Amino acid sequence: QVQLVESGGGLVQAGGSLRLSCAASGRTISRYAMGWFRQAPGKEREFVAAINWSGNYRYYADSVKGRFTISRDNAKNTVYLQMNSLKPEDTAVYYCAADEKPYRGIDTTNPTTYFGSWGQGTQVTVSS
């Protein structure tokens with residue numbers, strides 16, 4: 001079982017940037033797809049971005065496309081989410097997730113599919 005710990009959240013003004021990190025332990029994530037999700041108060045958890053195991057395919061929610069970038073450093077067993085041009089509607093708890101099986105792709109029709117391991121989340125607050 002992999003353990004995921006997110007960090008890098010905080011308070012930022014609209015238009016600013018943050019970089020979230022997700023450090024994994026317990027097993028290597030180099031063979032697994034990884035994703036970022038978020039949940040705002042009173043709303044359901046939603047998909048943000050995902051990256052396949054090799055890092056050569058990335059998939060984004062329309063709401064963040066062009067502003068957020070997901071990346072991975074398998075040597076550090078870490079996944080990142082660079083968030084630029086932040087908006088107040090990006091305010092949420094951001095969660096990192098790992099696929100349960102290796103070498104699978106990303107289900108673009110339902111990106112939540114396959115992600116079975118979750119971190120505890122990190123709060124991102126964007127002020128207007």
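Visitor: Is Ser 85 buried, partly exposed or exposed?
Guide: In this predicted model, Ser 85 sits in the loop between β8 and β9 (92-99). Buried requires under 20% relative accessible area and exposed requires over 50%. The relative accessibility of Ser 85 is 40%, so the residue counts as partly exposed.

Visitor: What is the phi of Ser 85?
Guide: Most residues other than glycine have a negative phi. Ser 85 is not a glycine, yet its phi is positive, at about 50°.

Visitor: Which backbone atom does the side chain of Thr 78 reach?
Guide: Thr 78 is part of strand β8 (residues 78-83). Thr 78 counts as buried because its relative accessibility is 9%. At 2.8 Å, its side chain reaches the backbone oxygen of Lys 76.

Visitor: Which residues does Thr 78 touch, not counting residues up to four places away in sequence?
Guide: That condition leaves out residues up to four places away in sequence. The residues touched by Thr 78 are then Ser 21, Cys 22, Ala 23, Ile 29, Arg 72 and Asp 73.

Visitor: What distance separates the C-alpha atoms of Thr 78 and Leu 4?
Guide: Along the chain, Thr 78 and Leu 4 are 74 residues apart.

Visitor: Which side chain forms a polar contact with the side chain of Ser 117?
Guide: Ser 117 belongs to strand β10 (residues 115-118) and counts as buried, with 2% relative accessibility. Not counting residues up to four places away in sequence, Ser 117 touches Gln 1, Val 2, Leu 4, Cys 96, Ala 97, Ala 98 and Glu 100. The polar contact, at 2.7 Å, joins the side chain of Ser 117 to that of Glu 100.

Visitor: Which backbone atom does the side chain of Tyr 60 reach?
Guide: Tyr 60 lies in strand β6 (residues 58-60) and counts as buried at 14% relative accessibility. Beyond four places in sequence, its contacts are Phe 47, Val 48, Ala 49, Lys 65, Phe 68, Thr 69 and Ile 70. At 3.0 Å, the side chain of Tyr 60 reaches the backbone nitrogen of Ile 70.

Visitor: How many helices and strands does the protein chain have, and what is its radius of gyration?
Guide: The secondary structure comes to 0 helices and 11 strands. For 128 residues the globule rule gives 14 Å, and the chain comes close to that, so it is as compact as a globular protein of that length. Its radius of gyration is 13 Å.

Visitor: Among contacts between residues at least 6 apart in sequence, what share joins residues at least 24 apart?
Guide: Buried residues make up 45% of the 128 residues in the chain. Of the contacts between residues at least 6 apart in sequence, the share joining residues at least 24 apart is 60%.

Visitor: How far apart do the centres of the positive and negative side chains lie?
Guide: The protein chain carries 14 positive and 10 negative side chains. The centres of these two sets are separated by 5 Å.

Notes:
Residues are numbered from 1 along each chain as its sequence is written. This is a predicted model: local features need pLDDT of at least 70, side-chain atom pairs count only at pLDDT 80 or more; totals for chains, interfaces and linings use all residues. Side-chain values use heavy atoms; hydrogens and water are left out. Helices (H or I, at least four residues) and strands (E, at least two) are DSSP runs, numbered from the N terminus. Buried means under 20% relative accessible area, exposed over 50%, partly exposed in between (1.4 Å probe, protein chains only). Contact means heavy atoms within 4.5 Å. A polar contact is a pair of N or O atoms within 3.5 Å; within protein, one must be able to donate a hydrogen and the other to accept it, and residues adjacent in sequence count only if both atoms are side-chain atoms. The radius of gyration is taken over C-alpha atoms; the globule rule is 2.2 Å times the number of residues to the power 0.38. Lys and Arg count as positive and Asp and Glu as negative; His and the chain ends are not counted. The place of a charge is taken as NZ of Lys, CZ of Arg, CG of Asp or CD of Glu.
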